[in-house]
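Student: Could we go through this structure together, one step at a time? I would like to see how each answer is reached.

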Amino acid sequence: MKTIAVIGGGPAGLMAAEVLSARGLAVHLYDAMPSVGRKFLLAGRGGLNLTHSEPFEHFASRFGERRAQVEPLLHAFGPEALREWVHGLGVQTFVGSSGRVFPADMKAAPLLRAWLHRLREAGVHLHMRHRWLGWSEAGALRFATPTGELEVTPEATVLALGGASWSRLGSDGAWVPWLVARGVEVAPLAPANCGFDIGWTPYFAERFAGKPFKSVAVFCSDAQGRRFARKGEFVATATGIEGSLVYAASGLLRDEIASQGSATLWLDLLPDRTPEQVRAAVLHPRGARSVASHLKSRLGLEGIKTAVLHEVLTRDEMHVPEKLAETIKALPLRLVAPRPIDEAISSAGGVRFEALDAHLMSTALPGLFCAGEMLDWEAPTGGYLLTASMASGVVAARGVLRRLGRSGAES
């Protein structure tokens, strides 16, 4: 029986192991952690967002510059296929008001338990606390294990090692130099779906860290002409900002900081009011009332929204109605750095698709396949990350089957 090594026990690796074991191959899955699926379980703490129910065309567009490479993976295993797969494990799903898809009980653990049971029933061998160390001089896979170093020479290998976010859960990017040394082209890993540092005044940081900006809109652009605009909410932190609306724009902002030294995120504090309406309200005579009282009574601005105006306007500018009205609709937040990659929800960069064939096999190292977040793609939160990771696991596994000449491998 041919033996296949899958390195990495996240969704991509587990999916590759399932596809391969279903075809009668002896699959040995190795992971450095004491148990598999740790980041998967963490993602489920707030309700496991499996995928998104939007039309396929919109779904595929979320992968931006890598759409051309990711879309074929989604055709192999897309959002609908993922939901059917979950149902096959005995877990029902529902579509939330945002279009996101969740397990009926909003939990990741029952799904993972059912999945692992099926994998064990299929004969997948799980090797925990086996940290991959690269290759020996003879080309064998090297692992550090609780009982000493182990070398393995499989028929084919699927790497699903993750990126470099949340390293305590197993994804630390240690694999990058090993692949580069063997001729595999890797784009530098960078934070994705991340927060940013601004440098608030001590007053703002002390009083508003952890407070949300609700019912706002943001917009930004970069030197290459890319643009982003969306309504939503995000959160102030002690050093800057984070949250869903910020994460959605993080790729553009991160790249702009890398090329220009900083990036400007424009904040509309009242997106449901026109500039003319805001200007008229600000210009309305306020009598003896303070500016803060005037903004609250005429526009409903208070709390963190009023405070952030003081972060960008001088005391004198706060008393210039035209300037104040303009800033309420377009308040510039200067971002100076993304938060460290280990804090990010995911990472960008990784093994370039140009270094792989259509079946995710390395052209420099035939027989080595790559899947999951270690590939050079990124996507917003909303189920896109998990869906694409699992899809890549399916495609890599089918690539292994094709390479080994297993009849019936899907195209």
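Student: Which residue in strand 20 is the bridge partner of Leu159?

Tutor: Keep in mind throughout that this model is predicted. Strand 10, which covers residues 156-159, pairs with strand 20 in the parallel sense over 3 bridges. For Leu159, the bridge partner in strand 20 is Cys370.

Student: Why is one side of strand 6 and of strand 20 left without a neighbour in the sheet?

Tutor: The open sheet has 5 strands in the order 6-2-1-10-20, with parallel pairing. One side of strand 6 (125-127) and of strand 20 (368-370) has no neighbour in the sheet because each of these strands stands at an edge, with a single partner strand.

Student: Which strands does helix 1 touch where it packs on the sheet?

Tutor: The direction of helix 1 makes about 170° with that of strand 2 (26-30). Helix 1 packs on the sheet by touching strand 2, strand 10 and strand 1 (3-7).

Student: At what angle do the axes of helix 1 and helix 6 cross?

Tutor: The crossing of these two helices is left-handed, and the contact includes Leu14 and Met15 of helix 1 together with Trp115 and Leu116 of helix 6. The residues of this contact divide into 8 nonpolar, no polar and 2 charged. The axes of helix 1 (residues 11-22) and helix 6 (residues 109-121) come within 10 Å, and they cross at roughly 35°.

Student: Which element gives the most to the lining of the second largest pocket?

Tutor: The second largest pocket holds about 1100 Å³ of space and is lined by 40 residues. With 6 residues, the element that gives the most to this lining is strand 14.

Technical notes. Residues numbered from 1 in each chain as written. Predicted model: local features only at pLDDT ≥ 70, side-chain atom pairs only at ≥ 80, totals over all residues. Heavy atoms only, no water. 1 Å grid on protein atoms, 1.4 Å probe; cavity = no way out; pocket = protein on both sides within 12 Å on 5 of 7 lines; lining within 4 Å. Points joined across faces, edges and corners; volume = space filled by probe spheres on them. Helix = DSSP H or I, 4+ residues; strand = E, 2+ residues; numbered from the N terminus. Axes fitted to C-alpha atoms, helices over the stretch in contact; angles between N-to-C directions. Left-handed = near helix turned anticlockwise from the far one by under 90°. Contact = heavy atoms within 4.5 Å. Nonpolar A, V, L, I, M, F, W, Y, C, P; charged D, E, K, R; others polar. Pairing = 2+ DSSP bridges.
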